Amino acid sequence: MYNSETTLRAELPSSRKLMRSTILAALSAAVILVTVVQPAEYGIDPTGVGRVLRLTEMGQIKARLAAEAAVETAGQKPAAEPSIAGITVSNPQPASPTFQTATPEATPVAAAAQPSSWRDEMSFTLKPGEGMEVKMRMKEGEKTVFAWAVEGGMVNYDTHGDSIGRSISYEKGRAVSSDDGDLIAAFTGNHGWYWRNRGEADVQLVLRTRGEYSAIKRVK
């Protein structure tokens, strides 16, 4: 019985080993928190690793949308933001539909489906609470003409750009049904839009673009 107890005690790790394992685990958790969790969830990136991993922009978008949702819940209107050079929006408010034709009954999405000189057209369905992002690869100073419209409701949006170590928010809005204008790249990188459906029903969104970009794709 005595020999058995001695063997079990010998197999247990020492207090020094336990302390070292605890310290290593705490350090690992701290590194993950600072380099991954904070950039991806809150847009906080003190080390710069989040921007390299393309996590900081995602966190900044989440933080902005969370703030908008909080404002909506409180029933308040967000304060107007100063415009940022680089984009000209001819119709930032939903009062005047973007895709309007001579047929009074035509909806924005139906009108957008008609043939024109647009280079690319993309159509998406967003469920309640769902978000989606489209980005174009552009060089600094290049210009893209765009127009998008929503059928079945309205969306929150953020027109933005990002590159390694750089990011910019050109324009954003809440409860908007359409937008159009020129997007001029502030720097070489990815530039585009993020939309989120805050309504209670599915909506269909049509995006149409033409101009100076080398590629366009949905990334979320």
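Author: Start with the pairing rule: two strands pair if DSSP finds at least two bridges between them. The strands themselves are DSSP runs of E with at least two residues, helices are runs of H or I with at least four, and both are numbered from the N terminus. This is a predicted model, in which local features need pLDDT of at least 70 and side-chain atom pairs count only at pLDDT 80 or more, while totals for chains, interfaces and linings use all residues. Residues are numbered from 1 along each chain as its sequence is written, and side-chain values use heavy atoms, with hydrogens and water left out.

First, the inventory. The protein has five helices and 10 strands. Of its 220 residues, 34% count as buried. Buried means under 20% relative accessible area, exposed means over 50%, and partly exposed lies in between (1.4 Å probe, protein chains only). A contact is heavy atoms within 4.5 Å. Of the contacts with a separation of 6 or more, 76% join residues 24 or more positions apart.

Now the sheet. Five strands form an open, antiparallel sheet in the order β6-β5-β8-β3-β10. Its edges are β6 (166-176) and β10 (215-218), each pairing on one side only. From one strand to the next, the twist averages 15°. That angle uses axes fitted as lines to C-alpha atoms (for helices, over the stretch in contact), and angles run from 0 to 180 degrees between N-to-C directions.

Strand β3 (residues 131-138) and β10 run antiparallel, joined by four bridges. Here Lys-135 stands opposite Lys-217 in β10.

Strands β5 and β6 run antiparallel over eight bridges. His-160 has Ser-169 in β6 as its bridge partner. The β5 and β6 hairpin has two residues between its strands, and Gly-165 takes a positive phi near 80° there. Strand β6 also holds Ala-175. Its phi is near 55°, a positive value in a residue other than glycine. Ala-175 is partly exposed, with a relative accessible area of 32%.

Another pairing involves β4 and β7. Strand β4 (residues 143-151) pairs with β7 in the antiparallel sense over seven bridges. Phe-146 has Gly-181 in β7 as its bridge partner. Five of the seven residues of β7 (residues 178-184) are buried, so this strand is largely enclosed by the rest of the structure. Asp-180 is found in β7. Asp-180 is buried too, at a relative accessible area of 16%. Its C-alpha atom is 9.6 Å from that of Thr-209, 29 residues apart along the chain.

A general point before the side chains. In a regular strand they alternate between the two faces of the sheet.

Next, the core. A nonpolar core is a set of buried Ala, Val, Leu, Ile, Met, Phe, Trp, Tyr and Cys residues joined through side-chain atoms within 4.5 Å. The largest one has 22 residues, and Val-134, Trp-148, Val-155, Trp-193, Trp-195, Leu-205 and Leu-207 touch the most other members. The elements giving two or more residues to this core are β2 (120-126), β3, β4, β5 (155-163), β6, β8 (189-196) and β9 (203-211). Strand β3 gives the most, with four residues.

Then the rings. Rings of Phe, Tyr and Trp (its six-membered ring) pair if their centres lie within 6.5 Å; planes under 30 degrees apart count as stacked, over 60 as edge-to-face and the rest as tilted. A search of the whole structure finds four aromatic pairs. Trp-148 and Tyr-157 have ring centres 5.2 Å apart and planes at 70°, so they are edge-to-face. Both Trp-148 and Tyr-157 are buried. Beyond four places in sequence, the contacts of Trp-193 include Val-134, Phe-146, Trp-148, His-160, Leu-183 and Leu-207.

Last, charges over rings. The rule is NZ of Lys or CZ of Arg within 6 Å of the ring centre and within 35 degrees of the ring normal. Arg-119 lies over the face of Tyr-213, 3.9 Å from the ring centre. The charged end of Arg-210 sits over Trp-118, 4.5 Å from the centre of its ring.
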